[in-house]
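The points below can be read alongside the sequence and the model.

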Amino acid sequence: MAETKELERAATTIGTVPGPYQPEYLVCQRMGHMISSQGIWFSDPFDSAFPVLMFQIILIIFTTRIILFFLKPLRMNLLLGYILAGIIMGPAVLGRNKAYFAKVFPPGSIVVLMTLADVGFMIHLFTLGSQISTDMITKTGKSAAFIGSMCFLLPYALGFLTFSMLNSFGNLDATLKQSMPFIIVVNSISTFPVITSLLADLRILNSEVGRMATHASLVSDMWSWSMSLMINTINLAFKSSKMDSVWSVVFTVAFVVVIAFIVRPLLRWSNKFAKEGEEEEVQFYGLMIILLCCGLLSEILGQHSGFGAFLMGLAIPDRPPLGETLVQKLETISSVLLVPAFMATSGLRVHLGDKGGTWSVFTELIILMGYVGKFCGTLLSAIFCGMPFWDAIPLSLIMCCKGIIEIAIYVVWYDRKIVPAQVYTQLLLTMLIATTLARPIIAYLYDPSRRYLVQGRKTLQEWKEGVKMQFLVCLHDEDHVPTIMNLLEASHPTPHSPIAVFVLHLQELQGRSTSVLVPHHHLHKAASKATSYDHIVNVFQYYEEHNCGSVVVQHFTAISPYTSMHNDICTLASDKRTNLVIVPFHKMWAIDGSMGSTKHAIRKMNKNVMNKAPCSVGILIDRGPLTSSQHMLMNESAPYQIVLLFLGGADDREALAYCMRMVEHPKVDLTIARVKNDKYLNEEESGLDQELIDDFRAIVGKRKVKYVEETAMDGVGTTQVICSFEDAIDMLIVGKHHDPSSPLISGLTEWNEYPELGVIGGMLATSDFQFSVLVVQREPVGSEPFNLSSEMSRSQSLSRSSP
């Protein structure tokens, strides 16, 4: 009995044995060490493997957050933070304390942690593969193909040239010669998942440089896969036999063919019949079994399990419910719990104390030449293809960044003793330093919104009679269509004064890595079922036909993350030279008056649009469902009641310029309500306001337009003026910005919940009014200051051009 208890108390017996690639730990553990000590009071939790694993994950996440807090100016992302946390916790730094390392990272627990990390990496590669659209290969342009090829070939050639020169100067270490081809190849690659993840983090995925980097990285990735397959085959031929290498290639190609031509069509077929609920769950379980089988087959074929998982991800259809379900169910648990373990274990393998002598300097030189070759190859080819120099530099830096795919390659080669420990450390640290330094430089050098400011802005006051006015209408769904249609119809399109409407359907990027901004028919030409946006297209098509010769409508679709969706909106507004961008408010009201839905990501997108748009912006607060007059203006005889609230300022003048189009419409009753305070007078602004008001009254004459002036002492008086119109209007138009020192808004600024709408707009958004509101902004925050002379010239030109 005593001997049994003594065996139960035995901890771990450690030694080293020859492994398939390098000496490995021999870990012998008693059952008591592998199971939890639950129910034993005051027992040491580190005597059990599971509590140690939980503590390790907690320590990894906690250490990473501390590192990211102190390195926030460098914009380091989570994955790089996990690596640095692993280096700090491992033998390189804190692990020098033998007692700490033996307690926190005993050999037996490291085996468990690395197994969990490999599972996490396999699932992560699967989710990355599921976000890649294979159609991109056929859509890659000549410029992207040339840049991607040079991005791979030049560092590859430069690396081998440097290696040959160093080898001619002196005898290099035999181990270094054996691993050098692998080092040169891995330094030449720029993987598609890593580049697109970096672009998403920097919020430039849907910018011009971002799209070029996306396609170029795909081409570079194809080169790297081909070269890696060839090198692995040659290496296997030298180590084993030529027939083994041939059979390895045959079975690998057969494996790819089965996934491409059997598994992929099967998944597409099953996805057509997948529905919400039980069928979807059953399909998901079956898919996970196929995923594990693909990982197992990859290991049997001599590849990493992630290879099969990645191919399986490529075979997943991008359409819901399967594609989105996978991302939602796997990505969160993978990125939060499993990937940190994988990245941290890569840092645990770093040993800074290893000395390599002179050949260590040679290795570092070859590694650096790979980065230099990649930067120069991308830069020169981009300039050759006509890209501006200050766009080619950030593109070159983007292509030099590396991530989880390269790290996984380092780890596999280290475990298989293809590269020695010192070379692994150099590869990992160089990658960590280069990518960390590149991120803030890219963010500083490249801002997509700069091109909008350089090209100049268009305003509504620049519009002249007889010239086409151009609108960009942004839609997330079909709920806002009736109110927007009424607003466009109220703009009174005629053959003499037509309007052009660019309808942009905004979709959040989910389940894919590639952003899209294309004409609607290009994206949906292969769709067999009608979507909600197809109904929107039909409505606008009818509107165009109803106003033949007066209205031109074009449809576009943008699929991108909400964090960078404003780039698509501003790009289209700049390219089409629009006068006004209309975006819906982020809150929706139900028909019973309750709050229907709130999307804070849309609110942030609206703020970015208002800050960077190349033209005037209107935020539409749509309360159409609350009113009984939710009709289409062009089909109804009842007049559409619009009130312009004019307090003064550039934005109110912009709103008044828009209302000048509405005065001729026979079914629009327009009221101009000017609110004044006789004790407060801003001479510059008041002069411009009065001049534009006089011009407007002279233009409209005796037409069906009401003009009223009200006096208010403070914000309460202004609110009372608005309330006097509450029961008689369908829409109120108001400018965003008003003079902060004006008594007309005093008392309202303290309670403004939505600063992006201004004081009056924010008050109208939070109140219980039943009418819709259009908040107009002329000049974005951060643009050039208001120019009085240019404002007066615009006012004079508007007066001269009006009949």
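1. Two strands pair if DSSP finds at least two bridges between them. Helices (H or I, at least four residues) and strands (E, at least two) are DSSP runs, numbered from the N terminus. The model is a predicted one, in which local features need pLDDT of at least 70 and side-chain atom pairs count only at pLDDT 80 or more, while totals for chains, interfaces and linings use all residues. Residues are numbered from 1 along each chain as its sequence is written, and side-chain values use heavy atoms, with hydrogens and water left out.

2. Overall content. The protein has 30 helices and 15 strands. Of its 803 residues, 53% are buried; buried means under 20% relative accessible area, exposed over 50%, and partly exposed in between (1.4 Å probe, protein chains only). Taking contacts (heavy atoms within 4.5 Å) between residues at least 6 apart in sequence, 80% join residues at least 24 apart.

3. Strand β14. This strand covers residues 731-735, and five of its five residues are buried. Met-731, Ile-733 and Gly-735 point one way, and Leu-732 and Val-734 point the other way. β14 pairs in the parallel sense with β11 (residues 640-646) over four bridges, and Leu-645 stands opposite Val-734. With β15 (residues 772-777), β14 also pairs in the parallel sense, over five bridges; there Val-773 is the bridge partner of Leu-732. From β14 the chain crosses through helix α29 (residues 758-766) to β15 in a right-handed β-α-β crossover. Right-handed is used here if, with the strands pointing away from the viewer, the path from the first strand over the helix to the second runs clockwise.

4. Salt bridges. Five are present in the structure, each being a side-chain nitrogen of Lys or Arg within 4 Å of a carboxyl oxygen of Asp or Glu. In one of them, Asp-568 meets Arg-211 with the closest N and O atoms 3.0 Å apart. Asp-568 is in helix α24 (residues 565-576) and Arg-211 in helix α11 (residues 208-239), so this pair ties together parts 357 residues apart in sequence. Asp-568 counts as buried because its relative accessibility is 0%, whereas Arg-211, at 23%, counts as partly exposed.

5. A further pair is Glu-756 and Arg-603, with an N to O distance of 2.9 Å. Glu-756 is in the loop between β14 and α29, and Arg-603 is in helix α25 (residues 600-612), 153 residues apart. Both Glu-756 and Arg-603 are buried.

6. Around helix α18. Arg-349 forms a salt bridge with Asp-415, the closest N and O atoms being 3.2 Å apart. Arg-349 lies in the loop between α15 (322-348) and α16 (358-384) and Asp-415 in α18, so the pair ties together parts 66 residues apart in sequence. Arg-349 is buried at 9% relative accessibility; Asp-415 is partly exposed at 28%. Tyr-414 also lies in α18 (residues 404-415), and at 13% relative accessibility Tyr-414 counts as buried.

7. Helix α10. Seven of the 10 residues in α10 (residues 192-201) are buried, among them Phe-192, Ile-195 and Leu-199. Just after α10, Arg-203 takes a positive phi of about 65°.
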